[in-house]
Each structure stands twice: as structure tokens, then as C-alpha cells.
Amino acid sequence: RREDMIKKLQRGFALSRKGAVDTVKASLFCALQNISFMLPVSMLYFLVGDLMGGVVPKGRTVYYAVGCAVCCVLLLLTTWFQYNSTFLTTYTESGVRRIALAEKLRKIPLSFFGKKDLADLTSSIMNDCAVLETSQSHFVEPLIGACISTVLIGISCFFFDWRMALALFATMPITFLIIWAGRNLQIRMFDRQVGIKLEASSQ
């Protein structure tokens, strides 16, 4: 099953095996970063509960001070790992992808390039590479990480307030519906754009 997932990522985003494995790792680090963002919120939840009780117990003062320091350290660490795993590995993989493309182009007969506008061909290839880079670093990995962290945070909310957890999970079907509708719209617009380019190149 793990191999199937890696192969699916390789086919879907034109990745090498190492790039697919790095994508999985980056998604997990994105999830960890999102979870670390919720730690200060949980601290605030307990603090508000104490304040609504009238006074903060003396023993809780040290707890909140140490908790704030731990939250800051965790935020810095998770953000550092998330940045390195998402952006640095993405552009490293982009270099591998561009080299692989150059190797494939090198094996194509020269007569093929004589029938094409080289400037347009180069622009299309570089634009596709840029789109893959942006989608991998800004959309794919954060989206997978957000799905993982949302489920885990929603489950943890049941330990605080079941109504808050239900409110969180109630919005998830609407969110996935919006993502699905936006995906289909983007596919149609992309197909239309490719059709326009093909018509222009044939003329």
C-alpha cells in the first residue's frame, strides 16, 4: 500500500521516488506545524477557564509560563522542519525533474524541433515545471497536512468540549465540496487553455 501511494504521487506530480517520499514527509511536517499552532489555543482555553473562575491558582502561574516557553520552542522547530521539507526539497526535486526532461528532449530527433516554435516549446515546458513547483510546495503538501491535522485536532476537541468538536467536523463536508468543485473548475480551465494553445500552434 505504501508503494502504491508513492507510485501514485510519482505519476500525479512527475516526481522521482525520492521526491515522492519527501512529499509524504513534508505533508507530515505540515500536519505537525498545524498541530503546534493549536497548543497556544489549548493554553488559552485553560487560562480563560481559570479567569472565569475568578482567579488564576498560584500553581498554574508557573504552568502557564513554562507552557508558553514550550509552545514557542515547538512552533520554531516545527516551522523550521516544515519550511525545509516543503520548500528546499521541492526545488531540489525540481532540478531533478528539469534534468530528466532535458534527457528526454535530448533523445528526440532534430526533425521534431524543426516543426515547432522552440521559444513557445521552451516557454511551455518551463511554465509547466513552475506550476508543478508551486503546486507541490504551496498546495499539495499543505493540503494533505491540513487534512491530517484537522482530523487529529477534531478528535482531540472531544476531550475539551464535544460540541466544539461537532462544530469542527460539521464544516468538513462543505470544505471538501468546495475543494472538489474548485478542482473540476481548474481542470476545465486548464483543458481550455491547452486547446487554445494547440489551435494557435497548428495555425
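1. In this predicted model, the contact between α3 and α5 is made on the α3 side by Thr-86, Phe-87, Thr-90, Tyr-91, Ser-94, Arg-97, Arg-98, Leu-101 and Leu-105, which meet Ile-125, Met-126, Cys-129, Ala-130, Leu-132, Glu-133, Gln-136, Ser-137, His-138 and Glu-141 of α5. Sorted by class, the residues of this contact comprise 9 nonpolar, 6 polar and 4 charged.

2. As for the geometry of that pair, helix α3 covers residues 58-106 and helix α5 covers residues 118-157, and the two pack with their axes 10 Å apart at an angle of about 155°. Because angles over 145 degrees count as roughly antiparallel, α3 and α5 are described as roughly antiparallel to each other. The crossing in which α3 passes α5 is right-handed.

3. Helix α5 also packs against α2, where the axes come within 7 Å and cross at roughly 50°, an angle that makes α2 oblique to α5. Here, too, the crossing is right-handed, with α2 passing α5. From α2 the contact draws on Gly-19, Thr-23, Ala-26, Ser-27, Leu-28, Cys-30, Ala-31, Asn-34, Ile-35 and Met-38, while α5 supplies Gln-136, Glu-141, Pro-142, Ile-144, Gly-145, Ala-146, Ile-148, Ser-149, Leu-152 and Ile-153. The residues of this α2 and α5 contact divide into 12 nonpolar, 7 polar and 1 charged.

4. Leu-32 lies in helix α2 and is partly exposed, its relative accessible area being 45%; although Leu-32 and Ala-146 are 114 residues apart along the chain, their C-alpha atoms are separated by 9.4 Å. Ile-144, which is found in helix α5 and is among the residues that α5 gives to the contact with α2, is likewise assigned as partly exposed, with a relative accessible area of 32%. From Ile-144 to Asn-184 the distance is 18 Å in space, C-alpha to C-alpha, for a separation of 40 residues in sequence.

5. The contact is formed by Arg-2, Glu-3, Met-5, Ile-6, Leu-9 and Gln-10 of α1 together with Arg-17, Ala-20, Val-21, Thr-23 and Val-24 of α2. By class, this contact of α1 with α2 has 6 nonpolar, 2 polar and 3 charged residues.

6. Finally, which residues make up the largest nonpolar core? The core has 5 residues in all, namely Ile-6, Leu-9, Leu-15, Ala-20 and Val-21, and the elements that give two or more residues to this core are α1 (2-13) and α2 (17-52).

Definitions and conventions: Residues are numbered from 1 along each chain as its sequence is written. This is a predicted model: local features need pLDDT of at least 70, side-chain atom pairs count only at pLDDT 80 or more; totals for chains, interfaces and linings use all residues. Side-chain values use heavy atoms; hydrogens and water are left out. A nonpolar core is a set of buried Ala, Val, Leu, Ile, Met, Phe, Trp, Tyr and Cys residues joined through side-chain atoms within 4.5 Å. Buried means under 20% relative accessible area, exposed over 50%, partly exposed in between (1.4 Å probe, protein chains only). Helices (H or I, at least four residues) and strands (E, at least two) are DSSP runs, numbered from the N terminus. Axes are lines fitted to C-alpha atoms, for helices over the stretch in contact, and angles run from 0 to 180 degrees between N-to-C directions. Angles under 35 degrees count as roughly parallel, over 145 as roughly antiparallel, 65 to 115 as roughly perpendicular and the rest as oblique. A crossing is left-handed if the near helix is turned anticlockwise from the far one by less than a right angle, and right-handed if clockwise. Contact means heavy atoms within 4.5 Å. Ala, Val, Leu, Ile, Met, Phe, Trp, Tyr, Cys and Pro count as nonpolar, Asp, Glu, Lys and Arg as charged, and the others, Gly among them, as polar.
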